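Reader: I would like to go through the interfaces of this model with you, asking at each step what a term rests on. Shall we begin?

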Amino acid sequence: MILHALNQYYKRLSDDPKANVPEFGFGKQGVHFCLQLDREGKMVGRPLDLRDEKGKPRRIEVPGPVGRSVGIKSNFAWDNTGYVLGADDKGKPERTAQTHQAFKAEAAAVLDGVDDAGARAFLAFLNGWEPELAETLPDWEEIIGQNIVFQLDGEPGFLHDRPAFREAWIRHQAVGESETGMCLVTGENAPIPPIHAKIKGVPGAQTSGASLVSFNFDAAVSYGKKQNHNAPVSERAAFAYTTALNHLLAPGSLRKVQVGDTTVVFWSDAPGEAEALFGSGMGGKKAEDDGLVKRLEGYLADIAKGRFPDALGSADTPFYVLGLSPNAARISVRFWHVGTVGGMAENLGRHYRALAMKRRFDSEPEYPSPWQLLRELAPQRDSKNISPLLGGQLIRAILQGQPYPQTLLASALGRIRADKDVTYLRTALIKAFLVRNSNQEIHMTLDTENRDIGYRLGRLFAVVERIQEEAVPGANATVRDRFFSSATATPGRSFPIILKNAQHGLAKIRKEKPGWAVTLEKKIQDIVTGIDAATGFPSSLTTEKQGMFILGYYQQRQDFFTKKDDKSED
Amino acid sequence: MAGIQLRVWGDYACFTRPEMKVERVSYDVMTPSAARGILEAIYWKPAIRWGIDRIHVMKPIRFDNVRRNEVAGKVPVGGSGGVNAAMKGGNAPLRLYVEESRQQRAAMVLRDVEYVIEAHFDYTSAEDRNDGKHLDMFNRRAKKGQCFHRPYLGCREFAAHFEPVKGDIPVSELAGDAPRDLGWMLYDINYAADMTPFFFRPTLEKGIVDCRKGVVAA
């Protein structure tokens, strides 16, 4: 169904002139330089530099490109210098001569009998070209090995864009012979190409592109069928799905999001702002258009409140989400979700509501993206350390409204235990987990009525920490540094010691601020009375209760800071 | 022909799509050829051929990701170091060094599946035509949990539990869902004609895939 949906998406795009996707037989390719020819096939002027300020090649539509692995296969009317000029920096002159021959042969075969000034000039140039001349080209050190296209002097557009070239190329494609079979995407009997075009734009995969459908080693061969005959996909369907996917993954696409090593792309069956919305909701590239950014933020707030913005069109429009991650020279499917725009909005909204939590600072994200959440769970907050499996599972849980992955809670607790940093995002994540997976009812802010033992103990710990901060400002090792991990896991052992220390702290505060000491002592009593006397301090807490501990701690601590603000206003 | 009904279930299943068989992605439901494989694991003789009629999908379709260590190579069949040579008494070593060709590959598999397979058998020749015998043997074996080899849900490592269905087939949890197009799906492989795959275009209606509709030979 993945290929099928992509095939349909290509059809939609090719009907839409604004989408600017290549037609069958053509593809987008990064090209660095352009050589200018006169009508006699002589090179004129300096080679045009097509690169941008950052040195990135310009992406233009070219015939092909051919799928190339180790063999020699030339593109038509464009390629790298080894093919086009017979000179490159690979240090294999014999092979380079062969590639140049292949380029000449391809051009001659395609342009055979074509009556066009451009074709004549191009063929004349190839006949007269000596590979030794390459070194005399201006800027040759920069051109060497890069992709090159041609232009006829004094005429707009590239040579390969001339109608005669395009027609000749399309005609040439139709002649190509290959085995036929039943296409498993479209169901029609059609030629089956042995390899498919590469998919570019999945970070971590090879920059020249990787394959989604490939059979590149012995173990993948079944029933003696080689390469893509293992899974017959027609030439057109293969072109359509690779083009559609490359379009979604193109640099600057608003329909893709990077989460850890997984690249997520979205598309829907109808044009609209739904795709961009989910892109930005999941933490994708920000749109450059300020108006669009404002609108998207508005939609996001609506969705978080459980409303469906009308601007997204029909709620029943099918919506597709595909998560891809690199693996060796291939791309693997992390997840695949078919839903509707309405269902997506609802699930995303539910996720935000589960996460909702009072922030520490206004600069913290109100609608954090999965990527921001996952980074909180990675050692050193380095996105390289994000667990690849967890990322996929989290996104699937969000999109499908399913329970969050079980490992989420354990890794959040693990990270907190390791660096003793109870952040807004980590706490929000724990809250979301407990709300959705354990059906706990948890408020956004401090809930003094909550009688959960974990929650109570968390609050108690926050008060004790506060007492220490007052009594011993700037202590070298605070109670949090020394006792946080043990207090969460084995309160029965730690709390008696902690509370005893707190009494010393209170005694000290009493000497300076008697009123404040009474308030703090009352707080402790309030919390402790809520703890079931029969159980007392339990000897250990389950992971869920530990999650509640963190929540109680965070919210009680937040509460202290909120109070302080109130006082300063008085 | 007389029909049988078998309930199969398991924690994981992977009915690999042919186009995604390297980094595996499963079909949404069991394929007829996978169902045939399960029946053959329980009871099969050269005189009969199993034909799958309907597959009931009892539980919601859920996916999960796993990573597994697999190998890139195969033990060769031909050549001096291949299986053929070894069987003819050659003394070349017949082995695959896992350490040298190990690869970690991702798979998108199904979680927590349950199906009821409705099937019948046809005869392949004039010999051994006895409906009652074959039917009884299958049902007796299925009831006792006997099998020639462990039946599995698409991949050998995802073992299938099985039992005959007593009485009516229970209603699927998906019975209330709208019909769903499952796209082109592998039906089976024609081993007689150069192992040509043939496909069909099933729909999931009321939680049931009817395998007798729309089969296309390639």
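Author: Gladly. We need one definition to start: a salt bridge is a side-chain nitrogen of Lys or Arg within 4 Å of a carboxyl oxygen of Asp or Glu. Please keep in mind that this is a predicted model.

Reader: How many salt bridges does that rule find across the interface of domain 3 of chain A and domain 4 of chain A?

Author: The rule finds zero there. The side of domain 3 of chain A that touches domain 4 of chain A does hold three charged residues, beside three nonpolar and one polar. Being charged is a matter of residue class, with Asp, Glu, Lys and Arg counted, whereas a salt bridge also needs the two atoms within 4 Å.

Reader: What makes residues part of the contact between domain 3 of chain A and domain 4 of chain A, and how many are there on each side?

Author: The test is heavy atoms within 4.5 Å. Seven residues of domain 3 of chain A and 10 residues of domain 4 of chain A take part. The centres of these two domains, taken over C-alpha atoms, are 35 Å apart.

Reader: Which residues of domain 3 of chain A lose the most area to domain 4 of chain A?

Author: They are Met357(A), Lys358(A) and Leu409(A), which together give 69% of what that side buries. The area buried between the two domains is about 760 Å², and carbon and sulfur atoms give 69% of that. Two residue pairs are in polar contact across this interface.

Reader: Now to the two chains. Why is the pair Arg396(A) and Asp64(B) called a salt bridge?

Author: The closest N and O atoms of Arg396(A) and Asp64(B) are 3.5 Å apart. The cut-off is 4 Å between a side-chain nitrogen of Lys or Arg and a carboxyl oxygen of Asp or Glu, so the pair qualifies. Across the interface of chain B and chain A the rule finds two salt bridges, and the count of residue pairs in polar contact is 14.

Reader: Which elements give two or more residues to the side of chain B that touches chain A?

Author: Strand E3 (63-71), strand E4 (102-123) and strand E8 (196-200) of chain B do. By class, that side has 18 nonpolar, five polar and 12 charged residues.

Reader: How much area do chain B and chain A bury between them?

Author: About 3200 Å², with 58% of it on carbon and sulfur atoms. Glu19(B), Asn65(B) and Trp184(B) supply 19% of the area that chain B buries against chain A, more than any other three residues. The contact takes 35 residues from chain B and 38 from chain A.

Technical notes: Residues numbered from 1 in each chain as written. Chains lettered and ligands numbered in written order. Predicted model: local features only at pLDDT ≥ 70, side-chain atom pairs only at ≥ 80, totals over all residues. Heavy atoms only, no water. Domains from an automatic or database assignment. Buried area = accessible area lost by both parts, 1.4 Å probe. Polar contact = N/O pair within 3.5 Å; in protein donor to acceptor, adjacent residues only side chain to side chain. Helix = DSSP H or I, 4+ residues; strand = E, 2+ residues; numbered from the N terminus.
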